[in-house]
Amino acid sequence: MKKNEKTNVMRLLDKYKVSYQSHFYTDTGAVSGLEVAKVLNEDPSQVFKTLVTVGKSGQHYVFVVPVGRELDLKKAAEAVGEKKIEMIHAKELLPLTGYIHGGCSPVGMKKRFPTIIDASSSSKETIMVSGGKIGCQVELALQELKKAIPFELADLCS
């Protein structure tokens, strides 16, 4: 991926006049969130991963949590008013969202799902989320992200 190449996420952020900074890391083999944070020399509490789940009702939800933390499924279910939440299977990710594992962004999914971001994000000046492809992250303030996607904040990690 070239540094001046735009992903669909960046095109959407541009469309909504969102201020962001893109970060590229290629040929590093970094896929996990912690590897990405290390390659970009960023604090893992500022780099967020996007997790797609399904509730007992069949409704899909997107949770955005720091890469060094785990999503607490009970807290996640409570945050969206479900009895139970499960992670979707990796094979379901691309047809459902348009993204592959390791390149899933809360911005620009095929369909808009209820999105909840971990409350720890509110103490950060900016957070990083996937730019929609492996090798690309976008850094932006929460109030900027709100211009592109509606989301709620909740305590999501154990």
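What share of the 158 residues in the protein chain is buried? The figure is 47%. Keep in mind that this is a predicted model.

Let's start with the overall layout. The protein chain has five helices and eight strands. Read from the N terminus, the elements go α-β-α-β-β-α-β-α-β-β-β-α-β. The radius of gyration is 15 Å, close to the 15 Å from the globule rule for 158 residues, so the chain is as compact as a globular protein of that length. Along the principal axes, the C-alpha atoms fill a box of roughly 45 × 30 × 30 Å.

Next, contacts. Take those between residues at least 6 apart in sequence. Of these, 62% join residues at least 24 apart.

Now the surface. The protein chain exposes about 8,400 Å². Carbon and sulfur atoms supply 51% of that.

On to the sheet. It is open, with five strands in the order S4-S2-S3-S5-S8. The pairing is mixed. Which strands sit at the edges? They are S4, residues 85-87, and S8, residues 152-154; each pairs on one side only. From one strand to the next, the twist averages 35°.

S8 pairs with S5, residues 115-118, in the parallel sense. That pairing runs over three bridges. Find Asp118 on your screen: opposite it stands Ala154 in S8. As a reminder, strands of a sheet pair through backbone hydrogen bonds, either parallel or antiparallel.

Last, a helix on the sheet. H3, residues 73-80, lies across S3, S4, S5 and S8. Helix H3 runs at about 125° to S4.

Notes
Residues numbered from 1 in each chain as written. Predicted model: local features only at pLDDT ≥ 70, side-chain atom pairs only at ≥ 80, totals over all residues. Heavy atoms only, no water. Pairing = 2+ DSSP bridges. Helix = DSSP H or I, 4+ residues; strand = E, 2+ residues; numbered from the N terminus. Axes fitted to C-alpha atoms, helices over the stretch in contact; angles between N-to-C directions. Contact = heavy atoms within 4.5 Å. Rg over C-alpha atoms; globule rule 2.2 N^0.38 Å. Buried < 20%, exposed > 50% of the residue type's maximum accessible area, 1.4 Å probe, protein only. Areas by Shrake-Rupley, 256 points an atom, 1.4 Å probe, with all protein chains shown as cover.
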